[in-house]
Amino acid sequence: MKKKYLLVTFSIFLLIGCATNQVTGRKQLNIVSNSQLFPQSFAAYEKTIQSEKLSTNVEYNLQVKRVGGKIQSAVEKFFTDIKKPEVLEGYKWDYNVLESEQLNAWCMPGGKVAFYTGILPVCKNDVGVAVVMGHEIAHAIANHGAERMSQSQLQGTIGALGAAAMGINNVSNETINIVLQTYGVGSELGMLSYSRKHESEADEMGLIFMALAGYNPSEAPNFWLRMDAESKASGSQAPPQFLSTHPHHDTRVSHLNELMPIAMEVYKTKSIKPYTDYKKK
């Protein structure tokens, strides 16, 4: 009976939470709505901006805001052209630069962007910033944050249900992972797999966004090669791809080069038609 209860409850949970992403066309687990997520995101962003040191580098700040504005306009055009402007409902765009040596940038759900000063020399110019900006904004647009939160909530729920089904009171992490892996979600490697998928989706969408904004997409592979070189120069060694939340640089560059003919057509025509035609195939 307990096992039957687990399967019925889990099926209802997935039926309610699974949806087709309007951007990628991929089935996603999403039990966190933007109306729930955005206020949390905005509050977290404000807390970060207040607690971190904002960069006083005028050039960096102008550059990030300038490129951010152009990518934002391209994103808005993209969804207007595909007749899905509602995807951006509730977005409150903002761009800041934080003083840190980290080679990092991020976009919280709802369009809240931050770049660390450490990544900007690797970007080198506006086109390099556009590579990163397009990629990070794509994460938000594709609801990756909501999907990850949903996975976390599911992990706790299924862990408890799994323990009940097995009649176990004190459940070890190993036992919980066995239950989660049965359904292909929530385990450590499962979460990493989702993260790599997110990165590949963000690479693809970011490439199109930067091209539509008027930035030459052929710079994208060069940026990731610079990131690889910078990581090696700093002495950090990337883990095996199977255990990494990000694709190996070679995999990422290969994927971008495969998409490059489509992205270049978007760049030359300033139209999303080459990309939408490609996605229909």
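How many helices and strands does the secondary structure of the chain come to? I looked, and got 11 helices and 5 strands, taking helices (H or I, at least four residues) and strands (E, at least two) as DSSP runs numbered from the N terminus.

**Ground rules.** This is a predicted model, so I note that local features need pLDDT of at least 70 and side-chain atom pairs count only at pLDDT 80 or more, while totals for chains, interfaces and linings use all residues. Residues are numbered from 1 along each chain as its sequence is written, and side-chain values use heavy atoms, with hydrogens and water left out.

**Confidence.** I checked pLDDT, the predictor's confidence in each residue, from 0 to 100. The chain averages 78, and 68% of the residues score at least 70. Residues 1-17 are below 50, yet that stretch has 23 contacts in the model beyond near neighbours in sequence; contact means heavy atoms within 4.5 Å. I also found residues 158-188 under 50, with 38 contacts beyond four places in sequence. Where pLDDT is low, the predicted coordinates should not be read in detail.

**Whole chain.** Buried residues (under 20% relative accessible area; exposed is over 50%, partly exposed in between; 1.4 Å probe, protein chains only) make up 47% of the 281 in the chain. Of the contacts between residues at least 6 apart in sequence, 72% join residues at least 24 apart.

**Helix 2.** I picked out helix 2, residues 34-51. Its 18 residues reach 25 Å from first C-alpha to last, close to the 26 Å expected at 1.5 Å a residue; the expected span is 1.5 Å times one less than the number of residues. Which of its residues are buried? I listed Leu37, Phe38, Ser41, Phe42, Tyr45, Thr48 and Ile49.

**Strands 3 and 5.** Strand 3 (residues 94-98) has 4 of its 5 residues buried. I found 5 bridges joining strand 3 to strand 5 (residues 112-116), and the two run parallel; strands pair if DSSP finds at least two bridges between them. Asn96 stands opposite Ala114 in strand 5.

**Thr117.** Next I looked up Thr117, in the loop between strand 5 and helix 4 (120-123). Is Thr117 buried or exposed? Thr117 counts as buried because its relative accessibility is 9%. Leaving aside neighbours within four places in sequence, its contacts include Ser55, Tyr60, Val97 and Leu98.
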